[in-house]
Amino acid sequence: MQNVYVLGTGLAKFGKRDDVWLEELGREAGEAALIDSCLARTQIDMAFCGHAFGGRVVGQRLLAQLGLSGIPTINVENACTTGATAFHLAYQAVAHGDAELVLVIGLDQMASGLIDATKSDFEGALGRTLPGKYALRANRYIALHDLTVNDLADIVVKNRAFGAQNSIAHFQEAVTREEVLGSRMIAEPLTLFQCCPSVDGAAAALIGTEKLAKQIGKPLVKIFASALGAGKYIPSSEGKSPDDELVRATAQKAYAMAGCGPEDIQVAEVHDAFSIGEVLAYDNLGFCKPGEAARLIRDRVTWLGGKLPVSTSGGLLSRGHPLGATGMAQIVEITRQLRSESGSRQIDPLPKLGLAQCTGGAIPVVGTASCCVHILGR
Amino acid sequence: METNNQFRTPFRPEGFDFAGQDALQGVRCLDCGERFFPLRSVCLACSGNHLETIRVSTRGKIYSYTVIHRAPAAFQTPYGCGWVLTDDGIKIWAMFKAAIEKLRVGLPMEMTFDKLADRTIYYFKPTE
């Protein structure tokens with residue numbers, strides 16, 4: 001296995017982007033990553049493109065926009081972990097020595113509002129929505145542990161304050177707890193501002209070998225762990241949530257791979273598709289003792305200036321959530337934090353290890369379909 | 001060899017109708033004992049393919065709940081819904097027939113059947 005490094009990152013502006021075709025949106029992010037890496041595009045020898053709504057061969061279509069053809073390209077879909085899964089596969093290609101320089105792009109253009117349930121999904125046919133599922137998880141956590149609706153609102157306050165400092169985020173205004181709780185109810189206890197917006201966006205990275213990393217003369221950002229998990233059926237009688245257990249298992253795999261623990265992580269991007277998603281991530285990633293996630297938000301541990309700032313990009317709650325782009329946008333944020341490129345939201349002192357986590361898909365009886373945890377460091 | 005093809009057709013969301021029923025049909029794995037709803041031909045717990053049909057318990061407790069205010073056009077909002085853990089250990093998604101302010105984790109519930117648009121579906125309501 002070879003060491004694998006992030007060599008360049010690029011983002012397109014997130015938001016309503018019907019000014020461009022999907023390929024052009026991807027090209028914006030890809031060009032930015034190429035400029036950032038200072039590498040020649042002709043050195044790319046493999047590409048992975050993550051998109052959930054893009055149709056056929058988006059990867060090859062956008063490579064053509066970048067003036068590239070003849071590059072083996074794999075298009076990837078894994079619901080909300082689509083981008084992170086593409087990154088995982090790209091990591092494996094370099095780690096196994098199949099490629100020296102790989103371009104990874106995650107992107108989507110999404111209709112606004114609720115994402116439809118799959119046709120075979122009987123829970124969806126009986127009124128389950130995605131915000132509804134997270135709302136159930138919120139009410140269960142509130143019933144079993146110490147968590148209030150004010151804590152949930154404060155996650156949004158924190159992330160929107162970060163988003164206000166991120167020029168590519170969809171929402172760039174800070175909000176108050178009162179505004180969050182006073183916004184329209186979607187699925188109790190989740191109000192509109194606690195649900196990520198469905199927007200368009202693209203994020204890209206170039207990753208490659210140690211030899212290339214040393215050539216470009218930028219701070220080295222190494223991929224210490226790349227873990228992919230899939231939802232596993234857990235007998236209901238055990239009382240455990242398969243959604244939580246999936247993240248716990250994937251995180252354990254990542255920590256083992258990186259040779260570190262949750263106490264070593266100094267910055268994280270997590271799956272805050274809904275306010276409760278970030279709370280559950282604290283717990284399942286081991287950032288707190290089981291059931292004590294609210295403490296991290298109340299004690300401002302995860303705010304800027306705390307010991308472990310989370311969602312410094314503004315998260316999905318500010319950036320918006322194009323399914324294919326999200327996982328890659330998380331990787332871009334962590335890389336830039338490790339390279340001290342994050343401007344007014346830069347963590348000080350410079351973090352050594354950062355983590356990105358996302359989860360995707362809802363399957364009746366089984367639970368969440370997929371989870372990715374990546375650990376990057378310098 | 002028994003292959004359980006009789007359980008191959010699962011719950012078809014586009015054509016479901018529970019008219020005339022007073023309980024749901026599920027399956028029990030003969031190898032590991034795990035119970036499931038809806039019908040399936042291979043066990044999700046042990047991957048065994050020896051299953052028998054069972055009548056799913058009509059009683060259980062709320063595992064978690066929500067009240068949905070924003071839903072696809074086919075649903076009249078707001079409505080209570082969530083997962084009920086039945087007395088025989090199956091976690092079932094359902095819409096609720098209940099005063100929404102009464103909903104809480106652990107509330108005892110029982111199954112009932114009623115219309116959703118032009119079809120009959122199962123619901124859970126608080127056990128009185």
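# Briefing: a two-chain predicted model

Arg59(B) has a relative accessible area of 40%, which makes this residue partly exposed. The value falls between the 20% below which a residue is buried and the 50% above which a residue is exposed. Please keep in mind that this is a predicted model.

**Salt bridges**

- Searching the whole structure over all chains gives 27 salt bridges. As background, side chains of opposite charge can pair when their charged atoms come close.
- Arg59(B) takes part in a salt bridge with Glu110(B), where the closest N and O atoms are 3.2 Å apart. Since Arg59(B) sits in strand β4 (residues 59–68) of chain B and Glu110(B) in strand β7 of chain B, the pair ties together parts that are 51 residues apart in sequence.
- One network, joined by salt bridges that share partners, holds Asp36(A), Lys218(A), Arg339(A) and Glu341(A).
- In chain A, Glu269(A) and Arg319(A) meet through their side chains in a salt bridge with an N to O distance of 3.5 Å. This pair links distant parts of the chain, as Glu269(A) belongs to strand β9 (residues 267–269) of chain A and Arg319(A) to helix α12 (residues 315–319) of chain A, 50 residues apart. Both Glu269(A) and Arg319(A) are buried.
- Another salt bridge brings the side chains of Asp18(A) and Lys16(A) together at 3.5 Å, N to O. Here Asp18(A) is exposed, with a relative accessible area of 59%, and Lys16(A) is exposed too, with a relative accessible area of 68%.

**Where chain A meets chain B**

- Chain A brings 35 residues to the contact, and chain B brings 35 residues.
- About 2,900 Å² is buried between chain A and chain B, with carbon and sulfur atoms giving 66% of that area. Of the area that chain A buries against chain B, Phe122(A), Leu126(A) and Leu136(A) supply 24%, more than any other three residues.
- Zero salt bridges are counted between chain A and chain B. Polar contact is another matter: 13 residue pairs are found across the interface, both residues at pLDDT 80 or more.
- On the side of chain A that touches chain B, two or more residues come from each of α4 (122–125), α5 (130–144), β5 (185–187) and α9 (242–258) of chain A. The largest share of that side, seven residues, is given by α5(A).
- By type, the residues on this side of chain A are 15 nonpolar, 10 polar and 10 charged.

**Chain B as a whole**

- Chain B has zero helices and eight strands. Read from the N terminus, its elements run β-β-β-β-β-β-β-β.
- Chain B has 128 residues, and 48% of them count as buried. Its accessible surface is about 6,400 Å², with 45% belonging to carbon and sulfur atoms.
- Taking the contacts in chain B between residues at least 6 apart in sequence, 50% join residues at least 24 apart.

**Buried residues worth a look**

- Leu103(B) is found in the loop between β6 (91–96) and β7 (108–116) of chain B. With 6% relative accessibility, Leu103(B) counts as buried because the cut-off is under 20%.
- Leaving aside residues up to four places away in sequence, Leu103(B) touches Ile62(B), Tyr65(B), Thr66(B), Val67(B), Gly80(B), Phe96(B) and Ala98(B).
- Ser370(A) belongs to strand β11 (residues 367–377) of chain A and counts as buried at 2% relative accessibility. A polar atom of its side chain lies 3.4 Å from the backbone oxygen of Asn78(A).
- Beyond four places away in sequence, the residues that Ser370(A) touches include Asn78(A), Thr81(A), Leu246(A) and Cys358(A).
- Thr82(A) has its place in helix α3 (residues 82–95) of chain A, and its 0% relative accessibility makes Thr82(A) buried.

Notes:
Residues are numbered from 1 along each chain as its sequence is written. Chains are lettered from A and ligands numbered from 1 in the order in which they are written. This is a predicted model: local features need pLDDT of at least 70, side-chain atom pairs count only at pLDDT 80 or more; totals for chains, interfaces and linings use all residues. Side-chain values use heavy atoms; hydrogens and water are left out. Contact means heavy atoms within 4.5 Å. Buried area is the accessible area (1.4 Å probe) that two parts lose on being put together, summed over both. A salt bridge is a side-chain nitrogen of Lys or Arg within 4 Å of a carboxyl oxygen of Asp or Glu. A polar contact is a pair of N or O atoms within 3.5 Å; within protein, one must be able to donate a hydrogen and the other to accept it, and residues adjacent in sequence count only if both atoms are side-chain atoms. Helices (H or I, at least four residues) and strands (E, at least two) are DSSP runs, numbered from the N terminus. Ala, Val, Leu, Ile, Met, Phe, Trp, Tyr, Cys and Pro count as nonpolar, Asp, Glu, Lys and Arg as charged, and the others, Gly among them, as polar. Buried means under 20% relative accessible area, exposed over 50%, partly exposed in between (1.4 Å probe, protein chains only). Accessible areas come from the Shrake-Rupley method with a 1.4 Å probe; for residues, only the protein chains shown count as cover.
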